[in-house]
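Look at the structure below before reading on. This report goes through its core, its sheet, its charged pairs and a part of its surface.

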Amino acid sequence: MIQAESIILDKKKIDHKIRRIAYQIYEANVNEKEVIIAGIFENGYLFAKKLKAAVEKVSPIKVILCKVNIDKKKPTNPIQTSLKTE
């Protein structure tokens, strides 16, 4: 017997959750000029990009997007990010 797929969140609910998280980020950082949102490549980074756009819609805070690369086959290898070090 084939089991039907069950959808946990539809697009509308996902958008609502992302918007709510964006407001929570703003509320927690209301006095900040900028925040960094990091996402682990690949799916976490896609989520971080959506969250960045949502935060910028609801607040004046500048959002810096950071891509985090982790070797999932060898997690003890160094972690790399897209942030530039000074």
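What does R20 count as: buried, partly exposed or exposed? At 35% relative accessibility, R20 counts as partly exposed, because that class lies between under 20% for buried and over 50% for exposed. The model is a predicted one.

**Salt bridges**

R20 takes part in a salt bridge with E27. The structure holds three salt bridges, and they are listed here.

| Salt bridge | N to O distance |
|---|---|
| K11 and D15 | 2.9 Å |
| R20 and E27 | 3.4 Å |
| K52 and E56 | 2.9 Å |

K11 and D15 are both part of helix α1, where four residues, about one turn of the helix, separate them. K11 is exposed, its relative accessible area being 61%, whereas D15 has 34% and is partly exposed. In helix α2, K52 and E56 are likewise four residues apart, about one turn of the helix. K52 is partly exposed at a relative accessible area of 21%. E56 is also partly exposed, at 36%.

In soluble globular proteins, nonpolar side chains tend to be buried together. In this model the largest nonpolar core has 12 residues, among them I18, A22, I25, V35, I37 and L51. At least two residues of this core come from each of α1, β1 (34-40) and α2 (43-58). With five residues, α2 gives the most to the core.

I18 is one of the core residues. Leaving aside residues up to four places away in sequence, I18 touches F47, K50, L51 and A54. Of these, L51 and A54 also belong to the core.

**The sheet**

Three strands make an open sheet with mixed pairing, and their order is β1-β2-β3. β1 and β3 (80-81) are the edge strands, each of which pairs on one side only. β2 covers residues 62-69 and pairs with β3 in the antiparallel sense over two bridges. N69 has Q80, in β3, as its bridge partner.

**A nonpolar patch on the surface**

Which residues form a nonpolar patch on the surface? They are I8, L9 and I14, which together have about 290 Å² of accessible area. I8 lies in the segment before α1 (11-28). I8 counts as exposed because its relative accessibility is 76%, and exposed means over 50%.

Note on methods:
Residues numbered from 1 in each chain as written. Predicted model: local features only at pLDDT ≥ 70, side-chain atom pairs only at ≥ 80, totals over all residues. Heavy atoms only, no water. Patch = residues over 30% accessible without salt bridge, like charges linked within 9 Å, V, L, I, M, F, W, Y side chains within 5 Å. Areas by Shrake-Rupley, 256 points an atom, 1.4 Å probe, with all protein chains shown as cover. Salt bridge = Lys/Arg side-chain N within 4 Å of Asp/Glu carboxyl O. Buried < 20%, exposed > 50% of the residue type's maximum accessible area, 1.4 Å probe, protein only. Core = buried A, V, L, I, M, F, W, Y, C linked by side-chain atoms within 4.5 Å. Contact = heavy atoms within 4.5 Å. Pairing = 2+ DSSP bridges.
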